[in-house]
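Q: I am new to this structure. Please show me how to read some of its features.

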Protein chains: 2
Amino acid sequence: METPNTKDKYEKVMDLAKRRGYLWSSFEIYGGIAGFVDYAPLGAMLKNNIIDTWRKHYITNEEFYEIDCPTITPHDVLKASGHVDNFTDPMIECKECLESYRADHIIEENIDIDTEGKTLEELQQLMETHKITCPKCSGQFGEVKSYNLMFLTSIGPSGNRIGYMRPETAQGIFIQFRRLSQFFRNKLPFGVAQIGKAYRNEISPRQGVIRLREFTQAEAEFFVHPTIKEHKKFKEVENDVIPLLPASRQMDESLPKDEKVINMSLKDAVENNIIRHETIAYFVAITKRFLLDIGIDSSKLRFRQHLPDEMAHYAIDCWDAEIYTDRFGWIECVGIADRTDFDLKAHMENSGVDLSIFVEYDEPKEIETYEIELNYKVVGKVFKKDMKLVSDALNELDNNEMEKLVNTIKNGEEYILKVGDKEFTILEDYLTAKKVQKKVMGEKVLPHVIEPSHGIDRITFCLLEHSFNEEEDRTYLSINPTVSPIKVGVFPLVNKQGMPEIAMDIKNNLRKNGILAEYDDSGAIGRRYMRMDEVGAPFCITVDGQTLEDNTITIRERDSREQIRIKIEEVVDYIKNKL
Amino acid sequence: METPNTKDKYEKVMDLAKRRGYLWSSFEIYGGIAGFVDYAPLGAMLKNNIIDTWRKHYITNEEFYEIDCPTITPHDVLKASGHVDNFTDPMIECKECLESYRADHIIEENIDIDTEGKTLEELQQLMETHKITCPKCSGQFGEVKSYNLMFLTSIGPSGNRIGYMRPETAQGIFIQFRRLSQFFRNKLPFGVAQIGKAYRNEISPRQGVIRLREFTQAEAEFFVHPTIKEHKKFKEVENDVIPLLPASRQMDESLPKDEKVINMSLKDAVENNIIRHETIAYFVAITKRFLLDIGIDSSKLRFRQHLPDEMAHYAIDCWDAEIYTDRFGWIECVGIADRTDFDLKAHMENSGVDLSIFVEYDEPKEIETYEIELNYKVVGKVFKKDMKLVSDALNELDNNEMEKLVNTIKNGEEYILKVGDKEFTILEDYLTAKKVQKKVMGEKVLPHVIEPSHGIDRITFCLLEHSFNEEEDRTYLSINPTVSPIKVGVFPLVNKQGMPEIAMDIKNNLRKNGILAEYDDSGAIGRRYMRMDEVGAPFCITVDGQTLEDNTITIRERDSREQIRIKIEEVVDYIKNKL
């Protein structure tokens, strides 16, 4: 990999992004606020085009369906999901200047140590041992505290209904799981996606577009049977070779730092238990294809497995797509996690609504179970008017519970039957249990979910950086034609002899065909090419003297700067073909 | 217009929307919260397709550029825009049950009166005069108060940086006006759009998707020279005939209620001063075209002018596109307002950043102005080291200010010259002013803005209702093929003889061509047609016995139920043509 002057390249990219209308500081005229960014005209279009490509992969090809939920989320939902308790960063505040910092970042800036997974107490200990003081004023710090990263608000006028800006789009999907499984006619697996804003009230963000307080996520939730994590299309991707950085190799100190990545087919990765199962591996493949499709440099992409102590509270395996950037090194842009049934279970328990799904077997299964006959002489006196309630509840016990009941009372112990809020004690002489064979059509399961979660802002920024090129006499963005905002610049060579009118017609005709073209007659033709190069427009069309004679124009290709002449009536088809 | 059983139709539409996956209650398993809605799989796709059509009109055809700003907005911005002070509703709280209500709504429910434009005091008076009590518990109400409708939050850990969820997307555009005008190379007019979430913390929303606390706006801001409000493409739309409900006819009590609307060409409307100028009229035309394009029923669309006392604090003229719905009557879905320079002026004053734009004249103008020569003998002693500062500032005075200076000191009065924070007193004997002719290339202006602002949620709901059809033996959504979520259902007539595989291939091939097709082999074929009718899929393809012989399939058209047979290889082109 090249090793350019790091600081320069980042600044050059950001300078071009500002100058040409890709990224602007939010609230700039009011002094700006860290952690927010505006997508300027070309940036917004680029981001939309990236999202469209994402949809092509997930919605059109993988047959996910998208849903769109509110960003404001009531307390109950995020209490259940664990965010109220666990979506936190360790914070310290300077006693002198009152500036707040992330404790782990301050420690890592002062001493060479990895703070991942450290408790508040351990961080506090490190602060004290190394006598770390405020980088701004050298003041003493207070205690390390846990700081919740959600933006807090309240819903309605009373002020007592707490809401948060959602920390991820995924929860909106989980809490609609019951309706979603009806929509998919209760057939696993199925995929649901959400694209939208998510929020994280960072303590002190200082990395531009890399660490935002408000960002766009594209999250895909693929619900599977808890024990079936093979993917039916895995065969189509199993030979894809991927640069992997498994947890074991990260922790293997015998390996030099630059030899930890291993290129491996997904088939080998799954067979050798490096990637936990086919479904994670499948989405590693789709993620790589999506990222290369929009134009991420394949030599600057790797997939890194989370270490055991860095895994989120809901995950049992997670692989990050990391993309290399000159200033920030490898940054996490996509996380592919097996979240198990953590979220569905949590919402089921907290809402009291059954989120399990009845999965039919391919063929009915014969199972051994018990048939119960109540000893009415005894139980009639015991349960009286609750008789029917008890009888129905016993008949509805699932197989495991039935087994437990029979074994408990056989041993002469009491079995407690819960029906709603009520409890009934069942003793041995209340009933006779007879072993029977029974045909079962299916079973109730709580699905697991595999989640590829994409940070669209980081991906957009990385793409801008990877597209940035300098040659002796020009700077240009080599953005893929499919995602570049402006597709064609159209110029009259001079502003007379009817050339402007012809150029304007060509521009209008391209637009009518859905191709974003820009007309430009300002300044010299060289400056216009320069502008379109910096903007990243893949094609420029010039109307010149010869056009007036034979109805042809020149088309210049951005990266090669090659020019060809074609007839005006062929322009739309030519460009359409190239996109 | 038809007058069906109002209550029934709304409920039928909402029932279908829930059952088929268009709209779901948000946070349903936690009891739900009024004012929020989830776009279920088909609803999200419908909404996205509506937004795509909107983009076709505004971005592709009208050449607007989109930007994308944060939803969290700091206090300064919304203080300047007037929202902190004016984005309020009158609220009353019941002293007994503590329930809150909108005072104006409670009054209108109790007495036949229009509360538009009434002050808090007037509302309080009405409450007292009519002895209005709580509709829930008949308790006494407290005082009518002003309640701010913005969701409040705070940015960063200290808690002292107030932020709000934006009440409209437009402010993000206004505060970036300086960079935007650079992007457009300072040439007026130009258009900037933003599509995204906006928020309104309603007191007590009770109208389902019509009154949301979080909603999607598509706002277009068209910046024009303050005195040039003609539109260069007005000729293309001037003969469009529009159902208008001007303010004058609304207030004219001699007109029967159902004769207030008048159909009129835009040309006539502008010439007769009914619509204030061409630019508003032009966007009335574009709005109508967009709404009909997605499938809004043209007989249920009208444009109503705001009455003088209902205009927002920033507008001098405003026309709402209103769409008729069975339960809610005519509802405002698009507002087209002339906001003048209200917002730019407010942000310029509050931020201290110059937002004016230098507009070159077509030809330089000769104007009369003054040339100033300082009397150095006098001023040298007065200003000493500030001499150059004062001299430069005097030379940079614009024409009006120069006139003011000369007239002031001629009268023997003091003129106060402000330079940054400093002030200097200028007296008559400090300088000589000579009248001269000067060539001026252009002028600084603060643009006005014309804003078509679209409520995407309401438009989506209206479209669903207008598409809802019942026949004796079926219910179907006649959604336009261009915006309908699922375009094609593909079925095998029976699940054998290889029919499922052929049908699956057709579905995959349609998807590869970007056409959203759904495979369905569940239950009887009749039920599948029924499902696709309710879903609003415009086409169904069936693979049957004949397919196995001659490679043809049937295509059934949703609205007419007509079926034709075509060859499998013609399917993609056939469907593409129809979309």
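A: Helices (H or I, at least four residues) and strands (E, at least two) are DSSP runs, numbered from the N terminus. B:S138 lies between two such elements, in the loop joining α6 (120–129) and β7 (145–148) of chain B. The model is predicted, with local features needing pLDDT of at least 70. Residues are numbered from 1 along each chain as its sequence is written.

Q: Is B:S138 buried or exposed?
A: Buried means under 20% relative accessible area, exposed over 50%, and partly exposed in between (1.4 Å probe, protein chains only). B:S138 has 54% relative accessibility and so counts as exposed. Its phi is near 60 degrees, a positive value in a residue other than glycine.

Q: Where is B:R561, which also has a positive phi?
A: B:R561 sits in the loop between β27 (552–557) and β28 (563–567) of chain B. Its phi is about 60 degrees. With 32% relative accessibility, B:R561 counts as partly exposed.

Q: How are two packed helices described?
A: By the angle between their axes and the distance between the axes. Axes are lines fitted to C-alpha atoms, for helices over the stretch in contact, and angles run from 0 to 180 degrees between N-to-C directions. In chain B, the axes of α2 (residues 41–61) and α17 (residues 456–467) come within 10 Å and cross at roughly 110 degrees. α2(B) and α17(B) are therefore roughly perpendicular (65 to 115 degrees) to each other.

Q: Which residues of α2(B) make the contact?
A: Contact means heavy atoms within 4.5 Å. On α2(B), the contact is made by B:L46, B:K47, B:I50 and B:I51.

Technical notes: Chains lettered and ligands numbered in written order. Predicted model: local features only at pLDDT ≥ 70, side-chain atom pairs only at ≥ 80, totals over all residues. Heavy atoms only, no water. Parallel < 35°, antiparallel > 145°, perpendicular 65-115°, else oblique.
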